[in-house]
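Dear colleague,

I am passing on the structure we spoke of, with notes on what was found in it below. Please read them beside the model.

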Amino acid sequence: MKWRGRRQSSNVDDRRASGGGVGKGLGLAGILVVAAITLMSGGDFMDVIMNVASNAPAQVQEYKPTQEEEDLAEFVKVVFADTEDVWTDLFEQYGKTYEYPRLVIFRDSVQSGCGFASAQTGPFYCPADKSVYIDLSFYNELKNRFGASGDFAMAYVVAHEVGHHVQNLLGILDQVKAQQAKLDKVRANELNVRLELQADYLAGVWANRVDGMGYLDHGDIDEAMNAASAIGDDTIQKQAQGYVVPDSFTHGTSEQRSRWLYKGYKTGDLSEWDSFSANSL
Ligand SMILES: [Zn+2]
């Protein structure tokens, strides 16, 4: 993606300098309590948000980011700025006003409006404070653990989380949460898959617009598709436990995720985004 020298979002809360020591402090204090496993409060790729019983004092350590990390921070800020531009435009087209989310860049662990989260949670969106949380080390995790390399793999992840923000602004997150409260686990999971596939679609719509502005490099869409596929439930479960349990899927299969992303990319608008009434996903 062409990003160097371009506008960076100013809606960014860079908390990298206060990270690092926090996890250690919690460990020593021994107050880390896993209070809730949340699907809807913003837990994302790993779907686990850990809440902490009380606030531990952060142990601030000297922090010197590498040039590679600084580049990555700049990159996600440009991507975030692009989501602001694209969604402002799209909301206007539908007679609505887009409210900017915030981007929180953290290191190792973070206190969010949805509770305490560690980097292992993966990037997530918290509807309570309308913020996207990301630890930049996820870029390397994508590359090394999931085999999804390239800058646009990371861009897709950010755009997917912003997709959840769009769902939040449109009331979809609340509706799904209310529905899920009435459903058994299996059917609540299935509803979550529909929510996630729609976020993938919305990431695709964003990619279409960025492509239209001339900022995509050859191969960028393939990088995003590859990432969407790599973080499919079936692929992750196969890697982790050697078999798949479809009833436990919360985000969709590799094939579904890459297909919904591509569908959004192809259409570039909201015409085919309704994953909730689709008979087959
Ligand atoms: Zn998601």
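In strand S6, Val132 is the bridge partner of Leu103. Strand S2 (residues 102-106) and strand S6 (residues 131-135) pair in the parallel sense over 5 bridges, where two strands pair if DSSP finds at least two bridges between them, and where helices (H or I, at least four residues) and strands (E, at least two) are DSSP runs, numbered from the N terminus.

This is a predicted model, in which local features need pLDDT of at least 70 and side-chain atom pairs count only at pLDDT 80 or more, while totals for chains, interfaces and linings use all residues. Residues are numbered from 1 along each chain as its sequence is written.

The open sheet has 4 strands in the order S1-S2-S6-S5, with mixed pairing; its edge strands, each pairing on one side only, are S1 (12-14) and S5 (124-126). Helix H2 (residues 67-93) packs on the sheet and touches S1, S2 and S6, its direction making about 165° with that of S2; axes are lines fitted to C-alpha atoms, for helices over the stretch in contact, and angles run from 0 to 180 degrees between N-to-C directions, while contact requires C-beta atoms, placed from the backbone, to lie within 7 Å. Helix H4 (residues 151-169) lies across S5 and S6, at about 155° to S6.

After H6 comes Gly214, whose phi is positive, near 85°. In total, the protein has 9 helices and 6 strands.

Best regards

Definitions and conventions. Contact = placed C-beta atoms within 7 Å.
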